[in-house]
Amino acid sequence: MILLITGPSGAGKSTFITRLKQLDPRLEFSISTTTRPIRDGEIDGRDYDFTVEAEFLKLRDQGAFVEWAKVHGNYYGTRCDQIDRMSAEGKIPMLDIDVQGGLQVLDLFGTTGPDLVSVFLFPPSWEELERRLTHRGTDRPEVIADRLQTARSEVKQAGKYRYWIINDDVEEAVGRMRAVIQAEECRSEAFSSLPLPDEGQDGP
Ligand code: ADP
Ligand code: 5GP
């Protein structure tokens, strides 16, 4: 399973993902590569792999990314080797990526490959989104204005995602996400065989 999580900047995706990871150790955050300048409090290799544009474009041309996009003027991409490693270790990768990247992943894994659980995370209102972006204190007013404008077009693509979760109270939103994961794990297609031994093999 892969969790694809998209939502406007400031909707609370990082907060939501951090909490999910605390509650379920099988979930692992896919660390994206970006050319965005590092913010105060961020750690290279934990929040993102920060790089320069020339290096990003070289990786892109080598086919190192499952998907990539230019978001708010900076490049962001998901490394294939990260997803492969997590899947090999039995982890569930969580991708925090924008709509452009999300649509690429939906195209890639939508019909074949690992089960893709796509989730669009909404803020409870536009006012609250602006409040969260301002309150976070990481972006200049003009950057916030750009993110709010992008958010308006991003939500228009939300219909392409299988689940919608409103991040009003974070614990409640996380609870809904965990319910979705449990339901997905109970789908008959999620089992590779019957969860009972073949008749005559094990019993008396
Ligand atoms: P994103 O990763 O989507 O850009 P963040 O996780 O950085 O968003 O959250 C943006 C701001 O909103 C942060 O200051 C965070 O602490 C706050 N926040 C996140 N979720 C909630 C919530 N459910 N209620 C109130 N504030 C929240
Ligand atoms: P931020 O700069 O606020 O961390 O992220 C800005 C936007 O980039 C968010 O919408 C986030 O989901 C998106 N993003 C982060 N990593 C990736 C990635 O690897 N690929 C794509 N397409 N978008 C990403």
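This report describes the surroundings of two ligands and two single residues in a predicted model.

## Basis of the model

Residues are numbered from 1 along each chain as its sequence is written, while chains are lettered from A and ligands numbered from 1 in the order in which they are written. The model is predicted, with local features needing pLDDT of at least 70 and side-chain atom pairs counting only at pLDDT 80 or more, whereas totals for chains, interfaces and linings use all residues, and side-chain values use heavy atoms, with hydrogens and water left out.

## Ligand 2

Around ligand 2 there are 17 residues, of which Ser32, Arg36, Tyr48, Tyr76 and Asp96 come nearest; a residue is near a molecule if one of its heavy atoms lies within 4 Å of it. This shell divides into five nonpolar, five polar and seven charged residues, where Ala, Val, Leu, Ile, Met, Phe, Trp, Tyr, Cys and Pro count as nonpolar, Asp, Glu, Lys and Arg as charged, and the others, Gly among them, as polar. The strands β5 (65-71) and β6 (74-79) each supply at least two residues of the shell, strands being DSSP runs of E with at least two residues and helices runs of H or I with at least four, numbered from the N terminus.

An oxygen atom of ligand 2 is 2.5 Å from an N or O atom in the side chain of tyrosine 76, and an oxygen atom of the ligand is 2.9 Å from an N or O atom in the side chain of arginine 39. Taken alone, ligand 2 exposes 510 Å², and the protein buries 96% of that, with accessible areas coming from the Shrake-Rupley method with a 1.4 Å probe.

## Ligand 1

Of the 14 residues around ligand 1, Gly10, Lys13, Ser14, Thr15 and Asp168 come nearest, and the shell divides into three nonpolar, six polar and five charged residues. An oxygen atom of ligand 1 is 3.0 Å from a polar backbone atom of glycine 12, and a polar side-chain atom of arginine 132 lies 3.1 Å from a nitrogen atom of the ligand. Taken alone, ligand 1 exposes 560 Å², of which the protein buries 77%.

## Two single residues

Histidine 72 is found in the loop between β5 and β6, and its phi is near 50°, a positive value in a residue other than glycine. Most residues other than glycine have a negative phi.

Leucine 196 is found in the segment after α7 (170-186), and it counts as exposed because its relative accessibility is 63%, the cut-off for exposed being over 50%, for buried under 20%, and partly exposed in between (1.4 Å probe, protein chains only).

Note on methods
A polar contact is a pair of N or O atoms within 3.5 Å; within protein, one must be able to donate a hydrogen and the other to accept it, and residues adjacent in sequence count only if both atoms are side-chain atoms.
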